[in-house]
Amino acid sequence: MIEIRRYESGLLSSNMYLVAEEGHALVIDPFADTAPAQGLKIDYILLTHEHYDHISGVNLWKEATGAPVFCSKACAKNIRNPKKNLACHFREFCELQTWVKLSGIPAVDPAYACEADLTFEEKTELRWQGHLLECFEIPGHSQGSIGMMLDGKDFFSGDSLMENTEIELRMPGGSRKMWETIGRERIEAIPDGTRIRPGHFKSFILHKPI
Ligand SMILES: [Zn+2]
């Protein structure tokens, strides 16, 4: 039986997910704590998008597990550059958020960069342990944002869909135009009743209209 676990980081409370089945697992948006991987064979490291709070553990997880990093081509390009993955300004960005406890922010490496191994454009499918992961681009919040639908039931939305939260389109690399012309439509096509597993905050069941 598939099991989906959520872990919250100290970086703007971003979510890392572990999807486990029969001793194998996928990790989504890893932060720098590999303890949850104990006893599991990590098959893929998946990224919803290029922002630092969603990729800060990639190098550590890659080293610890040897698993390939999978994301969109645009995300792959941006995670290699601390200006594009926002690492170089991340600490300042956290300080601007009034709800963030500054004492609780883990150390940020302003030169952080990482590399992808497998990339796609537009959409692709990943078959894993008898499960289907449908991945597609959702440009808007960032150039490299994607969504991943697991077996038509659980949707990993990154920062492109959160409960009662307006999607942030003003970060560097974000684009209201891309969101209005492409991203929003793809989000609106997600079926009613899907469990949404966002990049921040708890999961919820989608009830339309969004
Ligand atoms: Zn983001």
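User: What makes strand β3 (residues 24-28) and strand β4 (residues 41-46) a pair?

Analyst: Two strands pair if DSSP finds at least two bridges between them. β3 and β4 are joined over five bridges, in the parallel sense, so they meet that cut-off. Leu-26 stands opposite Tyr-44 in β4. This is a predicted model, where local features need pLDDT of at least 70, side-chain atom pairs count only at pLDDT 80 or more, and totals for chains, interfaces and linings use all residues. Residues are numbered from 1 along each chain as its sequence is written.

User: Why are β1 (3-8) and β6 (118-120) called edge strands?

Analyst: Good one! Their open sheet has six strands in the order β1-β2-β3-β4-β5-β6, with mixed pairing. β1 and β6 each pair on one side only. Strands (E, at least two residues) and helices (H or I, at least four) are DSSP runs, numbered from the N terminus.

User: How do you know the direction of helix α2 (residues 58-65) relative to β4?

Analyst: Axes are lines fitted to C-alpha atoms, for helices over the stretch in contact (C-beta atoms, placed from the backbone, within 7 Å). Angles run from 0 to 180 degrees between N-to-C directions. Helix α2 lies across β3, β4 and β5 (69-72), and runs at about 150° to β4.

Methods
Contact = placed C-beta atoms within 7 Å.
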